[in-house]
Amino acid sequence: MSEQNNLDLHPLADIDRVIHSPARLMVMSYLYVVDSTDYLFLMRLTGLTWGNLASHLSVLERQGYIEIEKKFVGKKPQSMIRLTGTGRTSFQQYKSKMQGALGELPD
Amino acid sequence: MSGFVNLKDAEKKAVRMAANDGLWEILLGLMLLSFTASAALRDIWGIPWNYIPLMLVLVTGIPAMRSAKKALILPRIGQVQFSQERRSKFKRVRAVLITLVILTWIVLFIPVLPSVSTDMPEAPYWFIDAVFGLMIIVFFVFLAYAFETPRLIIYGLLFGISLPADVILSGRWGIEFPFFNFLAGLVVVTWGVVTLVRFLKRYPLPQEDSYTGTLGESSE
């Protein structure tokens, strides 16, 4: 009972909603653990459709959380997506807020 | 964040997806089948010519696998660059694997040495098989570690044990054909082909315009 009284769920009120969407959380998590991927690999990894992924990537790019590097490999264009410094920091903050708020909840 | 978003599992999933295409199994299985061919050809072609099939696989295997990866795998699952930590792990494993291949080449020449110089002692008949067996187990353990694929250890044990088993088969019953080695190679090549076919079915070639277009506007 006392454990539950000590719970501080206030950090959840200002949780980063851009990251908090399930699909974007999945995208951010994968980009957090690898250096970079192209669209196709991210699409396969997350199981999202291209349209859905594109829309979420667009939100993350506008927010400055990801950057898309476009280059040519031979004659083929290739776009690699990676987290920016801001994106990485925001994800770390999101992670610690969630851990802090939910980690102490009883089973 | 365990139980909520497991980042370690997320990274492992990315590694497995990039590596679990069956190509490694096919290459390693063919390598083992070439051991079988070398052993079967010992009396026909003589040493060292019987090692030609094995040398062919050792020399052409990696370039062939890279070409297959480029033509079959990358267009289906795309590209990933792993984190610095994971790349360092790959580099360490690659160094060990290259050392093992070099050692294998050296071991291959040990039976030839007495014919080059009479001062060289003859290696015991079981020596090559025992060293190969051990090298194969170590090789597979490192592969399993690098690619987060524990079943590779089972292949390693299967191969590693098949070599001394064949020596026993030959010594006890006089059967010269390396039956266990052949069987192990066949099992792993078959499993590699099954994995590759499953991979190709699971990840069909995407429509070109479905993933190279510009980012759409968000609905959120």
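The model is predicted: local features need pLDDT of at least 70, side-chain atom pairs count only at pLDDT 80 or more, and totals for chains, interfaces and linings use all residues. Residues are numbered from 1 along each chain as its sequence is written, while chains are lettered from A and ligands numbered from 1 in the order in which they are written.

Helices (H or I, at least four residues) and strands (E, at least two) are DSSP runs, numbered from the N terminus. Helix α4 of chain A spans residues 39-46 and is mostly covered, with seven of its eight residues buried. A residue is buried if 20 or more other C-beta atoms, placed from the backbone, lie within 10 Å of its own; 12 or fewer make it exposed, and values in between partly exposed. The buried residues of α4(A) are Tyr39(A), Leu40(A), Phe41(A), Leu42(A), Met43(A), Arg44(A) and Leu45(A).

Two further helices of chain A, α3 (residues 22-33) and α5 (residues 50-62), have axes that come within 10 Å and cross at roughly 75°. Axes are lines fitted to C-alpha atoms, for helices over the stretch in contact, and angles run from 0 to 180 degrees between N-to-C directions. α3(A) and α5(A) are therefore roughly perpendicular to each other (65 to 115 degrees; under 35 is roughly parallel, over 145 roughly antiparallel, the rest oblique). The residues that make this contact (C-beta atoms, placed from the backbone, within 7 Å) are tabulated.

| Helix | Residues in the contact |
|---|---|
| α3(A) | Ala23(A), Arg24(A), Val27(A) |
| α5(A) | Asn52(A), His56(A), Leu57(A), Val59(A), Leu60(A) |

An open sheet of four strands spans the chains in the order β2(A)-β3(A)-β1(A)-β1(B), with antiparallel pairing; two strands pair if DSSP finds at least two bridges between them. Its edge strands, each pairing on one side only, are β2 (66-73) of chain A and β1 (80-82) of chain B. Three bridges join β1 (residues 34-38) of chain A to β1(B), and Val34(A) stands opposite Phe82(B).

In chain B, Gly22(B) lies in the loop between α1 (7-19) and α2 (23-40). Gly22(B) counts as buried because it has 23 C-beta neighbours inside 10 Å. Its contacts, leaving aside neighbours within four places in sequence, are Gly192(B), Val193(B), Thr195(B), Leu196(B) and Phe199(B). Gly22(B) and Val197(B) are 8.4 Å apart, C-alpha to C-alpha, and 175 residues apart in sequence.

Terms used. Two residues are in contact if their C-beta atoms, placed from the backbone, lie within 7 Å.
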